Amino acid sequence: MSDDTDLTTSTDIEPPPLPVTENETAAPAEPVGRIDLAMLDEMSRVDPALFEQNHQDPPFSRQVMTTPLHFYVASESLTNLWCNWNGYSVAERLTSIDDEYATLRHSAVMTDISPLVKYRISGPDALTWLRRLVTGNLVSLSVDEITPVVFCEDRGHVVGDGLLFRLGAAEFRLVTEEAHLAWLLDSAIGHNVRIEDVSATLAAVSLQGPLSCAALAAAGLSGIENLRPYTAHWFDLMGMPVYVSRSGTSGDLGYELWVEPDDAPALWLRLLDKGRSFGVKAGGFALREIARVEAGIARAGVDYIGAFSAIDPQTAMTPYELGFSSLVDLEGEHFTGRDALRRVHARDPRHILATVAIDWHEPLRFTAIRDATGLAGLATSTVFSPALGCNLAMAILQPHAISSSTVLHVEAEIREELSLRLIHAPAHIIAGAALMLPARHLVPAPLTIRG
Amino acid sequence: MSLSDRHFDAIVIGAGHNGLIAASYLAKAGRRVLLLEASTRLGGALTTAEVSPDYRVSTAAHLLDALPRRIEKDLKLARHGLRYAKRTVQTIALDHDLNHITLSSKRSDLDILRRHSPADAAAYPRFAARMKSYAGVLGPLLQDMLPAGAPEPLSRRLRRLIWRAERLGSETLEDLMRQLPGSIGDMLDDAFETPLLKGALALDAVIGTGEGPYSAGTALNAITRKGLRSISNGPHIVEGGLGGFTDALSAAAASFGVIIRAATDVKRILIVDGMVRGVETQSGDVYEAPLVLSSAHPRETMLGMVGAKYLDAGLVKQLTEIVDTGATAKLNLSLDGLPTIQGLSPQEYGARFLITPSLASLDGAYAAFKHGGFATDLPLEMTIPSVTDAPLAPPGQHVMSIVIQYVPYQATGGWEGSRDRLVDHVIETLSEFAPDLRDRIVAGELMLPQDFERKFGLVNGGWYHGDMRLDQLLTSRPAPGLARFSTPLRGLYLCGAGSHPGGGICGLPGEYAARLALSEGVRA
């Protein structure tokens, strides 16, 4: 069997043969400046087969994974800048961060979010198991509704957070930033529940921005404007089943579309095509980072360390310290960590995750957030927010830094050719999200920009 | 059934000795206590039954090791019929050359040991004293109620432990720290040269466990066992077998007003809002009480009766990880006369006999066990209780009680057909010391680890509701999140052998859990 497969692969990898003409060999004196554009175009053609995931491979056989949309994202890239997200190569920037940001805030940006970790949870005890897993109350979660969830271990330290979709009476999907299968399976002892990692068999595209609804409607998702925030609906798009949720991390109107990997390219191209008249463009991971810091959304593994990853238990954090208080229901049914959280919730937090704005007009690199006496906290994510014209950071702060009387600042170094400037920039804590746009909550969602 | 038949101050699940003791302490303190037992008889694995008509013997465990005098007095067990056929039974290692070694520091006993090795005879009293001082350091930790999970009292406790050890001289402390994680085999190889002596002392340390004589941590086994035994100067032979002990406990419980229901299997423990409400039985009856103490296996209590959904996931994981190893079978024989054990004086027949020729032989038996088989020369612990307690058998006749060490729960190729082979090996081994044994056998019964499980609910046939290993003792018993009898559910306590200090018929888990429940109940 291997004979013909090997042969096919090797021929596939070879670039298309150059058209060897008599001319070329006979007339080497031809001027170098003349370029055969058609030939170059032919040479630069990339074979999509190179980027196809072979699902027969065990998941650990590939060190660098590509998403089902890799090739289609690649063809939008003007920079060839890639980064690693959960082991997948994703575009860091496709054009320039300013262009992408402008598109996000004025039109809509498509992002390949397939590297998110997705679990399918089913079985008779699925709801019972989830209630015990997450800190919040799931009583009112109906089918096609979504809720943000956080889950803790026995000591009340956060293991991870994510979005929980109810797909059916006894079928759920948990979408997280990091992999948690071992913990999910451990906590399934004594429950009749099936937990599958469907990350590789479910592709996802995020469309965020004020014109996202309009673009989706134009692409053929009729009635999309009536979808309420944190709900989802099945649509039929060109014969493809597409599960569309009104969710996202941009702080603005936005949707996430969940499809079969095989359907993902068709969906991507359709959105790009129909969105063009609205100015919709593809965006990269760096943009997603800016948007989520503006929206005040912490990223697991970056802004906080999961309880099982923290080497020093002191660095693991409770939901209260992470600002997830509203996701904790101490009065409801038992969940893992409830007893511990009942004990700590009255206690003063050891540290607090907050958004900090740093008044400086150009991007800065810094880690320490300082007050008059010394270190007041550490920045875990730093971005420059074009909308606010300042630097934003998610930072883990000491409790005293939160009080209004504490004056915070950061120190940064800016190198300009051979000179170095030392910056001393004032910082202040932002209560809640730095940017939360009203369209995020509007129903029906606007189909045009401001009427 | 009236309302008062449904409502109690406390419910105790399981009428093994720990359940009976816990119920008695609660009732003695004035609580209205209901004691529920799944089986039709009380006592759990402490029971005396007929091997054949008119021959009675302790079915499973056969010696009372470590019951504190305090419990005996508190529960007035003597008044309720507890009698000892023989107190502080001596232990004799049987020798093929008829120089049987009595494990004691008495001069006459050491004289016999001198025949094996003068050096060992000189070393034995030193070794015994060393073990005693180790047990003296650890004993209080084993006998105390464990400190609560709060780190402060624990560190205070540990400081006291170190202080106690230091008082014994730094040599002992260093020694102890070196010995604790080691194996009893290495410790004995260090101290002695006589194979028989080493074999017997090692068997004494590992009996009832699934550890080999060279397994890490078995030195601690020997020390804790010594510590527990020193509580009551055990082992003792109880009149009427250990069923006699159960009868005394039951009578005591009844006298304090405990209402005992046998053949009542608890289906689940009722939990409302993190608090215990009562229990529901298999037949659907509901009994209410704000206090429930369970002497069942911690895993059965927490996962079977309470249910994972009321517990944190990490704790559930810990419960599933409790290791139970059944490594012991029991052979009970009816004999039509006293078998002649060669080289034994008549007054020694009431002793406890250890049969294993050497550490190597013991280790060989362990190796066979580890791979799902059993050796031909199995290590044995044997008593003839009818010597000191004649009514167990018809006049002139006897019963023999044999604990067989290193018998696997699951034999390679199944137990069908292997039972007879096992019995044959054991009788063959015993016949080497008592040639007329085979002719005297009237009847017999073999209890395999799986029979212990079926009959007494001992998981895998393990004796202790969780092996007594270094990682399953003290604050890790039965699981790190459950140390000190209480559970995350208010009003639910664990009072069985799975709790500190553990198995071995000491009754302390029952007593301590009851005391704790009473003290916390006052506060609630």
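Two strands count as paired if DSSP finds at least two bridges between them. Strand S5 (residues 117-122) of chain A and S9(A) meet that rule, pairing in the antiparallel sense over 4 bridges. Within that pairing, Arg120(A) has Glu196(A) in S9(A) as its bridge partner. The model is predicted.

- The open sheet has 5 strands in the order S6-S7-S8-S5-S9, with antiparallel pairing.
- Strand S6 (146-152) and strand S9 (194-197) stand at the edges with a single partner strand each, so one side of each has no neighbour in the sheet.
- From one strand to the next, the twist averages 30°.

**Extent of the interface**
- Chain A puts 17 residues in contact with 14 residues of chain B.
- About 1,100 Å² is buried between chain A and chain B, and carbon and sulfur atoms give 50% of that area.
- Asp154(A), Ile189(A) and His334(A) supply 40% of the area that chain A buries against chain B, more than any other three residues.

**Polar and charged links**
- The rule finds 1 salt bridge across the interface of chain A and chain B.
- Lys317(B) and Asp186(A) form a salt bridge, with their closest N and O atoms 3.6 Å apart.

**The chain A side**
- Helix H6 (126-133), helix H7 (181-186) and helix H11 (338-344) of chain A each supply at least two residues to the side that touches chain B.
- H11(A) gives the most, with 3 residues.
- That side of chain A divides into 3 nonpolar, 7 polar and 7 charged residues.

Methods. Residues are numbered from 1 along each chain as its sequence is written. Chains are lettered from A and ligands numbered from 1 in the order in which they are written. This is a predicted model: local features need pLDDT of at least 70, side-chain atom pairs count only at pLDDT 80 or more; totals for chains, interfaces and linings use all residues. Side-chain values use heavy atoms; hydrogens and water are left out. Contact means heavy atoms within 4.5 Å. Buried area is the accessible area (1.4 Å probe) that two parts lose on being put together, summed over both. A salt bridge is a side-chain nitrogen of Lys or Arg within 4 Å of a carboxyl oxygen of Asp or Glu. Ala, Val, Leu, Ile, Met, Phe, Trp, Tyr, Cys and Pro count as nonpolar, Asp, Glu, Lys and Arg as charged, and the others, Gly among them, as polar. Axes are lines fitted to C-alpha atoms, for helices over the stretch in contact, and angles run from 0 to 180 degrees between N-to-C directions.
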